[in-house]
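Work through the exercises below with the sequence and the model side by side, and try each task before you read its solution.

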Amino acid sequence: MEELKWMIPIERHLVVRTSFIKMFLRCPAQSMFRYFRGLVELPRSYTTTGTCTHKVAEHQNKYKLVKGRDEKLSTLQDVFNEEWRVRRGGTKWETYERPDEIKTHCLKRVLPVYYDRIAKRVEPLYVEKSFSLEFPKVNATITGTIDLVTRKHIIRDLKTKGRVPDWMDAFKSVHGISYWLGYEANFGRVPSGFILDYLIRTKTPKHEPSEMKVVKPHEISEFIKLIENVVLQLRQGLFYPKRENNHLCSPKFCGYWKRCFKGDWMNTPKDGKVFMGNDGKEST
């Protein structure tokens with residue numbers, strides 16, 4: 001049997017994002033293509049829609065934090081429209097999709113629901129705050145960004161969905177626990193709770209918030225052990241395709257599907273460079 005070697009030696013400090021951890025848990029091979037070979041695939045329509053909506057929420061929350069009042073809906077629609085203009089050409093559209101119709105639906109139907117049901121009801125305390133978590137046993141730092149913390153110290157994460165979500169998502173969320181620990185470690189206070197705000201982009205859009213989650217001590221212990229195991233696996237280059245019972249493993253949902261099914265996932269990088277930028281450039 002070939003001797004197992006380190007792709008990234010334990011002596012080298014490793015910095016990875018929470019987005020990498022989430023992708024690794026979904027499919028280690030996918031995370032290897034994206035973060036260790038720097039292969040950035042064009043986003044799908046739902047990703048572009050979510051990104052544009054997130055930009056709107058970021059603008060609204062920062063404006064309200066500074067001004068103490070809500071931004072105008074028309075201005076938020078302009079923010080969405082401009083972000084859409086920038087990202088439309090870099091999106092992988094399905095043949096049956098109509099980008100103009102999707103944009104119009106978001107502007108006229110989805111954003112008003114966000115504005116009335118979420119934006120007006122939230123009082124921001126922190127907006128787009130970066131955090132870091134240290135894991136000395138594996139010589140690694142996990143970084144992330146908390147989108148919004150309210151004055152009641154509730155962490156809220158906005159998600160856009162094309163259908164009603166799985167209500168267990170908030171309770172299984174690795175991001176949620178990382179936000180919880182990141183807030184405590186970087187801001188010196190235990191959060192009051194964590195909520196996923198689902199903005200459902202159906203014909204008649206609606207807002208469906210999850211129940212408020214409070215992270216328990218045993219979940220924190222599990223999270224720490226999970227991160228340590230993931231980091232050790234990536235240090236050893238143990239990437240593999242997670243195909244069984246994974247509906248996301250398909251040409252429709254994974255841009256790496258063709259190369260992966262040809263066996264390209266076995267070509268593990270030798271240098272251990274980490275590509276964490278959205279454009280695939282190596283992080284510094």
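**Exercise 1: an aromatic cluster**

Ring pairs link Phe20, Phe24, Tyr35, Phe36 and Phe239 into a cluster. The model is predicted, so local features need pLDDT of at least 70 and side-chain atom pairs count only at pLDDT 80 or more, while totals for chains, interfaces and linings use all residues. Residues are numbered from 1 along each chain as its sequence is written, and side-chain values use heavy atoms, with hydrogens and water left out.

Task: Are the rings of phenylalanine 20 and phenylalanine 24 stacked, edge-to-face or tilted?

Solution: Start with the rule, by which rings of Phe, Tyr and Trp (its six-membered ring) pair if their centres lie within 6.5 Å, with planes under 30 degrees apart counted as stacked, over 60 as edge-to-face and the rest as tilted. This rule gives 15 aromatic pairs. For phenylalanine 20 and phenylalanine 24 the centres are 5.9 Å apart and the planes stand at 45 degrees, so this pair is tilted.

**Exercise 2: burial**

Task: Is phenylalanine 20 buried or exposed, and is phenylalanine 24 buried or exposed?

Solution: Buried means under 20% relative accessible area, exposed over 50%, and partly exposed in between (1.4 Å probe, protein chains only). Phenylalanine 20 has a relative accessibility of 0% and therefore counts as buried, and phenylalanine 24, with 3%, is buried too.

**Exercise 3: a charge over a ring**

Task: Which ring does arginine 34 lie over?

Solution: A charge sits over a ring if NZ of Lys or CZ of Arg is within 6 Å of the ring centre and within 35 degrees of the ring normal. Arginine 34 lies over the face of tyrosine 35, at 4.6 Å from the ring centre.
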